[in-house]
Amino acid sequence: MGRYVIRRLLQFIPTVLGTMFLLHYMTSLAIQFSGNPVRALFGDRTPDPALLAAITERLGYGDPCLDQRGNPCFGLFLDRLQNIFFHFDFGINLRQREVTDLVADAIPFTLKLLVIAIVFEAVVGIAAGVLAGLRGGSFTDYLVKISTVFVISVPIFVLGLVVREFVGVKFGNVLRGQDWIPDVISSGMFSPGFKPDYPFASLIIPGMVLGAVSLATTARLTRTSIMENIRADYVRTAKAKGLTNKRVIGVHTLRNSLIPVITFLGVDIGAAMAGAVVTETIFNVPGIGRLVTMSARTGESSVVVGVVTMLVLVVLLANLLVDLLYAVLDPRIRYE
Amino acid sequence: MRGKFLKVAVAATATAMLATACSSGGDDNEPAGESGGTLRVYNAEPAFLTPSGGDDEPSLYVIRQLYRGLVKYNAETSAVEMDLAESVESTDQKLWTIKLKSGYTFDNGEPVNADAFLRSWNYAAYGPNAQNNGYFMKRIAGKADVAPADPDGEGPKKAPEPTAETMSGLKKVDDLTFTVELDAPFSGFPTTIGYPGFFPMAQACVDDIAKCNETPIGNGPYKIDGSWQHNVAINLVRSDTWKGEPGKPDRIEYRIFADIDAGYAAFQAGELDVLYTLPPARYKEAQAQYGDRMYEQPGDSFTYVGMPLYQDAFKDKRIRQALSLSIDRQSIIDAVFDGRFTPATGYVAPTFEGAREGVCKYCTKDVEKAKQLLAEAGGWPAGEKLILWANAGAGHDLWLQAVGDQIKEALGIDYELKVNLQFAEYLETADQKKFTGGFRLGWGPDYPFMETFLYPLYGTGAGSNNSGYTNPEFDALMKEGDSADSIQAAIPSYQKAEDILGEDLPVIPMWFNKVGAVYSENVDQFVWNAVSDADYGAISLKQN
């Protein structure tokens with residue numbers, strides 16, 4: 001087990017370096033082909049060359065290779081790696097703030113949002129899947145089937161905008177008109193976006209929206225897996241042995257059925273981060289996703305490289321954890 | 001519409017009255033608006049909260065409440081009024097003597113004296129400090145020594161070392177007096193120094209600029225509560241050290257949004273009291289829904305189609321006149337922008353002192369005249385397409401296409417849109433004068449003085465003269481205005497200069513924006529300053 005973990009960790013190195021180089025190359029190309037982002041800061045006012053040069057230098061866009069189209073800027077990449085790995089310095093954004101500060105500010109919001117999303121999709125998704133799987137062809141089954149198809153077929157930005165408009169604004173305004181509803185519900189939870197006064201309550205709905213897309217997949221996976229396992233020999237044995245129904249379903253069936261679901265949830269953390277880019281922007285959550293959106297819009301390469309590198313690490317670690325969880329869930333799997 | 005203007009006018013007069021009330025002891029019958037309460041406003045994430053750094057709208061909105069400068073602007077007329085300055089005077093419009101009122105301090109107790117201003121201006125101008133508002137110090141003598149230009153004018157990257165740390169044009173006379181020497185006479189100088197880039201900074205602020213950016217040390221009616229919560233909120237409370245006219249709300253809360261649509265949703269949900277701008281797609285809806293709580297006024301942001309005078313095809317002014325005459329501006333505004341703009345008939349924003357209607361005689365559609373002028377000029381080069389440039393991803397292609405269609409219909413000139421350049425590269429193309437056809441650009445004034453719409457855009461060799469326009473007569477008239485005895489005396493010269501533009505058409509004026517803001521039921525009196533926009537400190541809330 002230890003050796004396996006070490007081997008996996010070693011594999012991280014080329015993956016992370018490769019990703020970083022790709023990002024570096026793409027952001028460098030973006031500057032080479034679409035111009036110095038510092039110039040865009042001034043807009044219609046043409047800055048005098050001295051000022052432009054000073055700010056360009058300060059922000060780290062002064063390397064001459066950024067003027068040569070197609071140049072992969074290896075020197076700049078090595079500098080960047082050195083700064084990141086030896087000095088833990090990810091550079092600064094166009095507003096001269098440290099990328100590490102930006103990320104440190106943003107991470108708590110994204111983590112809260114992700115936890116809400118994953119808990120929501122795991123609890124509701126698995127419960128719906130189990131109900132549907134145990135009674136195949138029943139009303140519950142159809143209800144789960146139809147509602148999941150509905151959620152799956154709506155892209156997340158549409159869902160987000162609709163929820164903001166109708167739940168946050170319209171329905172929320174009705175609630176806010178009622179005196180007997182506590183503020184934390186009416187102006188906290190049903191706020192059309194993140195609200196600093198209610199840092200947790202106002203994230204619940206955005207988190208649910210983020211979880212909703214994968215909720216459908218979770219429910220469906222659980223349903224299929226339960227249906228398959230419920231006919232398996234070991235379940236029949238367990239029943240024949242006289243175990244209570246609760247134990248047969250809760251321990252024996254569910255444990256085995258959850259393997260694909262757990263895999264999915266693990267992989268889904270990466271997808272959820274991608275979804276967070278959309279949901280955080282719609283619901284104005286000051287997290288990593290919104291940070292990426294904003295810095296991609298203005299072409300802040302240091303932020304994009306820094307943040308995405310961190311995201312890659314998160315996804316890699318999540319995948320490793322999922323692989324290790326297999327062994328816990330399924331005794332047949334062993335890592336040697 | 002009329003009622004709204006009246007209401008704002010009343011609010012503005014009320015504030016003006018209040019300013020003079022102390023000395024005159026005037027009557028209290030005017031609805032002055034009570035103070036108190038928390039004003040919650042929309043904002044985007046500011047770039048910087050220091051006077052030397054913040055040059056974008058969200059930064060300025062916060063800085064204007066945290067800091068105060070030498071002068072302020074009248075909410076209605078945009079006339080210059082003394083704020084911290086006792087007087088701003090000059091006999092030759094070149095050497096300005098500024099006397100300060102005494103008794104003002106920063107939040108940390110430091111006095112707001114001559115040093116506070118010199119310190120701030122020198123800090124902004126010094127090249128290696130890389131402060132965005134260094135741009136605004138360009139008129140002060142000695143600017144070139146603290147931020148020298150590139151010697152070769154080509155390699156944009158490595159800046160040469162400055163030869164001085166402070167600008168030679170700034171001299172302290174005594175604690176409350178200093179002089180500013182400009183490179184050339186400029187009668188509009190007093191109008192420029194109300195811009196936040198000219199606000200003072202404390203020594204403690206310059207010593208640790210990063211900290212001062214997070215927790216500003218201001219000298220204005222409000223101070224920061226805690227520190228800047230990046231991307232989340234900025235909260236201001238009344239400052240006890242402020243000796244001037246106090247602000248109306250006890251507290252101003254800036255909520256920070258990533259995009260205006262999320263801000264509009266929050267406004268609809270009653271979480272905001274003021275939304276200083278509106279999502280374009282929601283403009284009509286807001287008009288219908290908020291009625292008299294929507295504030296509309298002609299703005300001062302100018303959109304034009306530049307003419308590359310460095311290209312042969314555009315050298316003849318009759319060609320430019322013909323192109324301009326083929327465009328029906330109002331129909332494009334109605335069709336593409338839901339009427340959110342005012343067609344331009346001149347080069348100076350209609351809200352400015354000295355602006356006139358109909359300066360450009362070629363800015364209303366007249367196909368016959370256009371055809372005639374084009375024929376006189378020898379027609380458009382056969383087989384050539386008219387290329388129209390705009391930056392990508394900002395929705396400019398929609399209206400530019402309408403412009404192209406109208407020209408094609410009127411003059412039979414086929415056009416081609418070139419809208420694939422990102423903003424940064426687009427601006428670099430403009431700087432290098434490489435456009436091959438008409439190009440979209442805009443302009444917003446830096447100070448409430450006609451000159452800001454004229455010289456920077458059309459003066460020979462001026463920074464934003466992207467057309468490459470040169471006219472000695474125009475330059476001479478601008479000089480004449482610059483050295484006039486007063487702001488008012490300068491206007492006739494500038495108007496003559498504008499007339500020349502109206503004939504020469506170095507750029508085709510398109511339109512000026514309209515300001516659209518909404519405010520909530522909690523707001524008692526909404527105040528919009530003609531120069532500095534929504535004036536949060538002057539907005540009063542209903543007290544109950």
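Student: What should I keep in mind about numbering and confidence?

Tutor: Residues count from 1 along each chain as its sequence is written, while chains are lettered from A and ligands numbered from 1 in the order in which they are written. As this is a predicted model, local features need pLDDT of at least 70 and side-chain atom pairs count only at pLDDT 80 or more, but totals for chains, interfaces and linings use all residues.

Student: Why are α1(A) and α13(A) called roughly antiparallel?

Tutor: Helices here are DSSP runs of H or I with at least four residues, strands are runs of E with at least two, and both are numbered from the N terminus. Helix α1 (residues 2-34) of chain A packs against helix α13 (residues 301-329) of chain A at about 155°, with the axes 10 Å apart. Axes are lines fitted to C-alpha atoms, for helices over the stretch in contact, and angles run from 0 to 180 degrees between N-to-C directions. Angles under 35 degrees are roughly parallel, over 145 roughly antiparallel, 65 to 115 roughly perpendicular, and the rest oblique. So α1(A) comes out roughly antiparallel to α13(A).

Student: Which residues make that contact, and what classes do they fall into?

Tutor: Among them are Phe12(A), Val16(A) and Leu23(A) of α1(A), and Val304(A), Val308(A) and Leu316(A) of α13(A). Contact means C-beta atoms, placed from the backbone, within 7 Å. By class there are 12 nonpolar, 6 polar and 1 charged residues. Nonpolar covers Ala, Val, Leu, Ile, Met, Phe, Trp, Tyr, Cys and Pro; charged covers Asp, Glu, Lys and Arg; the others, Gly among them, are polar.

Student: And what makes α5(A) and α12(A) oblique?

Tutor: The axes of helix α5 (residues 99-134) and helix α12 (residues 288-298), in chain A, come within 7 Å and cross at roughly 130°. On those same cut-offs, α5(A) and α12(A) are therefore oblique to each other. Leu102(A), Val103(A), Ala106(A), Ile107(A) and Thr110(A) meet Ile288(A), Gly289(A) and Leu291(A) there.

Student: How do you know which stretches of chain A are labelled transmembrane?

Tutor: That comes from an unreviewed UniProt entry, whose "transmembrane region" annotation includes residues 113-134 and 303-329 of chain A. In the model, residues 113-134 of chain A are 100% helix, with end C-alpha atoms 31 Å apart. Residues 303-329 of chain A are also 100% helix, and their end C-alpha atoms are 39 Å apart.

Student: Over in chain B, why do β4 and β6 count as edge strands?

Tutor: Strands pair if DSSP finds at least two bridges between them. The open sheet has 4 strands in the order β4-β5-β7-β6 (chain B), with antiparallel pairing. β4 (85-90) and β6 (170-174) of chain B each have a single partner strand, so one side of each is left without a neighbour in the sheet.

Student: What makes β5(B) and β7(B) a pair?

Tutor: β5 (residues 95-100) and β7 (residues 177-181) of chain B pair in the antiparallel sense over 5 bridges. Leu95(B) stands opposite Glu181(B) in β7(B).

Student: Which element of chain B gives the most to the side that touches chain A?

Tutor: In total, 43 residues of chain B are in contact with 44 residues of chain A. α14(B) gives the most to that side of chain B, with 6 residues. By class, that side has 23 nonpolar, 11 polar and 9 charged residues.

Methods: Two residues are in contact if their C-beta atoms, placed from the backbone, lie within 7 Å. UniProt positions are given in the numbering used here, feature names are shortened, and annotations may be inferred rather than shown by experiment.
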